[in-house]
Amino acid sequence: MTSARVSGRPWLLVFERQAPPIIDYLMGYTGGRDTLTQVEMRFPTRDAAIAYAKRQRLNYTVVDDKSRHP
């Protein structure tokens with residue numbers, strides 16, 4: 001999971017991929033069984049995002065915008 005905030009936007013909690021994607025060569029799309037990659041949770045503050053991760057016993061990494069967008 002990572003968290004990020006862009007000036008004025010909420011902090012995001014997104015889950016890292018746990019299973020590799022499945023490529024369907026016939027239909028030309030990429031899919032998978034890892035539905036958590038579709039989940040994106042928003043929090044008003046960094047502390048709220050961290051508190052949620054701790055309550056749910058999730059491993060987390062905080063990534064701020066300066067390190068994501070050089």
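**Helix H1 and its surroundings**

In this predicted model, helix H1 spans residues 46-55, and its buried residues are Ala49, Ile50, Tyr52 and Ala53. When H1 is viewed down its axis, these buried residues fall within an arc of 160 degrees, so they line one face of the helix. The face turned away from that buried side carries exposed residues instead, namely Asp47, Lys54 and Arg55. After the helix comes Arg57, a residue whose phi is positive, with a value near 55 degrees.

Although Val62 and Arg46 are 16 residues apart along the chain, their C-alpha atoms are separated by 8.5 Å.

These elements can now be placed in the chain as a whole. The protein chain contains two helices and six strands, which follow one another along the sequence in the pattern β-β-β-β-β-α-β-α. It has 70 residues, of which 19% count as buried, and the chain exposes about 5700 Å², with carbon and sulfur atoms supplying 51% of that area. Among contacts in the protein chain with a separation of 6 or more, 51% are accounted for by residues 24 or more positions apart.

Note on methods: Residues numbered from 1 in each chain as written. Predicted model: local features only at pLDDT ≥ 70, side-chain atom pairs only at ≥ 80, totals over all residues. Heavy atoms only, no water. Buried < 20%, exposed > 50% of the residue type's maximum accessible area, 1.4 Å probe, protein only. Helix = DSSP H or I, 4+ residues; strand = E, 2+ residues; numbered from the N terminus. Arc of directions from axis to C-beta. Contact = heavy atoms within 4.5 Å. Areas by Shrake-Rupley, 256 points an atom, 1.4 Å probe, with all protein chains shown as cover.
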